[in-house]
Amino acid sequence: MARYGMVIDLKRCIGCYGCQIACKAENFTPPGITWALVLKNEQGSFPAVRRLSLPMLCMHCAEPACEKVCPSGATVKEEDGTVTVDYETCIGCRYCMVACPYGSRYFNDRELNYYGDQRTPYEEVGADPPEGWESKPRRARCTGRVEKCDLCSHRREQELEPACVANCMAKARYFGDLDDPYSEVSRLVREKGGFQLNPELGTDPSVYYLPV
Amino acid sequence: MTNTGLRNSPGGSGQAVWGWKVAAYLFLAGVGAGAYAAGAVADFLGTGWETASRTGITLGPLLVLVSTVFLIADLGVPGGFLRAGARPRSSWISRGVLILTPFVIIGLINIFLLVWPWHLLQGAPTARLALEGVGIALALLTMVYTGLLLGAVRPILFWNNAMLPVLFLLSALSTGLMVLMLALSLSPAASGFGLHAQLYGLARADALILGFEAVVVFFYLQGCYASPASRPSAELLLTGSLAPIFWAGLVASGIAFPLVYELVALSPASKEVETALAMAASIFGLAGGLLLRYLIVAGGMRVPLKAAGMLLNTSGKARF
């Protein structure tokens with residue numbers, strides 16, 4: 001048993017959207033679908049203004065609200081702590097999207113390209129990957145289904161960190177096993193006051209944030 | 001294309017994941033269950049209620065069947081609808097499948113054995129009452145379940161509310177009575193004495209239920225407004241982008257007009273029920289029931305995320 005999770009240091013994050021774009025490039029997500037989304041907000045008035053960048057992804061909750069409401073059993077809490085969607089089983093009812101407090105789930109209602117009807121060579125690879133290509137052909141498979149971050153399961157199989165973590169130029173993201181008390185993520189949560197988003201909703205997310 | 005601070009500030013629009021098809025489903029399931037329950041209760045009342053009870057028992061299961069067409073059409077994979085019943089231990093959609101299926105089956109048996117093509121139950125009052133008793137229980141479950149389906153969503157406090165199943169129950173009963181009023185007033189024999197008395201009785205029952213529903217709408221919104229977490233949803237209905245539909249569509253046309261009509265029609269001064277007015281009142285009341293479901297579905301707003309002393313909204317976000 002493991003509980004894969006992530007720690008995001010909001011003090012180090014510079015809000016560059018690098019994670020968001022790295023995720024799109026890695027997972028071939030179509031327009032409108034951003035498994036790793038950066039939320040931004042401003043507060044206060046001049047001169048006392050604060051800005052916040054909040055990088056989002058699926059929180060891979062220990063008590064996932066999406067999994068509880070899923071009527072088909074497509075959403076599953078895996079042994080390694082991640083929450084996954086089985087595209088073969090999903091019926092696209094979107095109850096999980098309504099129930100997720102974090103807006104981390106996306107409905108792929110029809111095939112959509114970035115530049116009109118014609119796929120770019122890059123999108124071609126995503127839709128129909130060549131033999132031996134390690135990335136999963138997610139686009140072609142999941143039209144009419146709900147999809148979301150799976151902590152780059154294909155990269156983890158090769159013992160690589162998720163793309164958003166590997167690509168973060170500010171080193172604000174850490175990936176690891178929260179069940180292991182000696183892991184870097186556990187240590188950061190413990191020592192730097194890591195917090196979860198809206199824990200009062202009872203979801204117990206596996207993504208922690210370090211305070212600004 | 002980028003996210004701006006303004007977009008993510010608390011407030012903004014309601015949820016857009018579920019749209020009008022879900023609202024239509026919730027509405028039609030409610031009308032169907034309400035019509036069946038009204039018809040079966042009218043059947044218990046005995047002679048003089050045949051038209052109302054036969055109409056309700058026939059319309060109810062058929063309307064619930066039509067409602068499922070909207071639900072299935074809303075799926076991303078309509079052909080996979082059979083998988084929707086796989087997880088009744090935790091999902092209210094699966095539980096709904098296990099409530100609607102026996103309801104429709106019992107309802108169809110009831111139609112086939114009582115109304116058309118056979119009339120076996122006519123001479124067997126005990127079997128009829130037993131079947132209809134089970135049918136009424138399943139109809140009540142159907143009405144309440146539509147509220148629990150939304151109520152199970154914890155981050156949307158506009159739905160996660162104990163009043164919602166009560167509101168949907170009352171609206172289902174009221175719209176069920178109204179669809180019977182509409183059917184009876186459309187019938188060519190509406191001016192006949194028998195139908196007249198039944199129409200009068202239906203209007204009397206509906207006036208009571210619609211009156212309760214108006215009170216529940218008031219306290220539901222009052223409660224949502226009083227709590228900071230659900231106030232944005234209440235404001236969306238009362239003063240925001242959904243306000244025209246709420247005030248003109250639901251409050252004035254969908255509740256006040258039919259209620260006033262029913263109260264006037266029931267006053268001792270009025271000697272007969274105007275079928276044209278009864279027809280109009282029930283059409284407006286039914287439209288009000290549909291708008292109520294739409295307003296509640298569209299008005300649901302997720303609680304904002306709290307981080308670093310700020311609130312960030314997850315609905316209505318810009319993506320690329």
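How many residue pairs are in polar contact between chain A and chain B, both at pLDDT 80 or more? The count is 26. A polar contact here is a pair of N or O atoms within 3.5 Å; within protein, one must be able to donate a hydrogen and the other to accept it, and residues adjacent in sequence count only if both atoms are side-chain atoms.

Some ground rules. This is a predicted model, where local features need pLDDT of at least 70, side-chain atom pairs count only at pLDDT 80 or more, and totals for chains, interfaces and linings use all residues. Residues are numbered from 1 along each chain as its sequence is written, chains are lettered from A and ligands numbered from 1 in the order in which they are written, and side-chain values use heavy atoms, with hydrogens and water left out.

Now the interface. On the A side, 53 residues are in contact with 49 residues of chain B. Contact means heavy atoms within 4.5 Å. The two chains bury about 4100 Å² between them, and 58% of that is on carbon and sulfur atoms. Buried area is the accessible area, with a 1.4 Å probe, that two parts lose on being put together, summed over both. In chain A, the residues that lose the most area to chain B are I91(A), Y95(A) and V98(A), together 17% of what that side buries.

Charges next. Chain A and chain B share three salt bridges. That term takes a side-chain nitrogen of Lys or Arg within 4 Å of a carboxyl oxygen of Asp or Glu. One of them joins R94(A) and D74(B), at 3.0 Å from N to O.

Which elements of chain A give two or more residues to the side that touches chain B? They are helix 1 (18-27), strand 2 (37-43), strand 3 (50-56), helix 2 (65-69), helix 3 (95-99) and strand 6 (106-108). Helices (H or I, at least four residues) and strands (E, at least two) are DSSP runs, numbered from the N terminus. Strand 2 of chain A gives the largest share, seven residues. By type, the A side has 29 nonpolar, 13 polar and eleven charged residues.

On to the rings. Over all chains there are eleven aromatic pairs. Rings of Phe, Tyr and Trp (its six-membered ring) pair if their centres lie within 6.5 Å; planes under 30 degrees apart count as stacked, over 60 as edge-to-face and the rest as tilted. Take F195(A) and Y209(A): the centres are 6.1 Å apart and the planes sit at 35°, so this pair is tilted. F195(A) is in the loop between helix 8 (184-191) and strand 9 (207-210) of chain A, and Y209(A) is in strand 9, so the pair ties together parts 14 residues apart in sequence. Y209(A) is buried at 0% relative accessible area, while F195(A) is partly exposed at 22%. Buried means under 20% relative accessible area, exposed over 50%, partly exposed in between (1.4 Å probe, protein chains only).

Chain B has a pair in Y36(B) and F103(B), with centres 5.4 Å apart and planes at 85°, so it is edge-to-face. Y36(B) is in helix 2 (residues 20-45) and F103(B) in helix 4 (residues 92-115) of chain B, 67 residues apart. Y36(B) is buried at 1%, and F103(B) is buried at 1%. There is also an aromatic cluster of Y95(A), W18(B) and W159(B).

Now Q15(B). It sits in the loop between helix 1 (5-8) and helix 2 of chain B, buried at 12%. Leaving aside neighbours within four places in sequence, Q15(B) is in contact with V98(A), W159(B), V297(B), A298(B) and G300(B). Its side chain reaches the backbone nitrogen of V17(B) at 2.9 Å.

Last, the backbone. Where are the cis peptide bonds? One runs from F46(A) to P47(A), with omega near 5°. Another runs from W116(B) to P117(B), with omega near 0°. F28(A) is buried at 6%; E159(A) is exposed at 76%.

Conventions:
Ala, Val, Leu, Ile, Met, Phe, Trp, Tyr, Cys and Pro count as nonpolar, Asp, Glu, Lys and Arg as charged, and the others, Gly among them, as polar.
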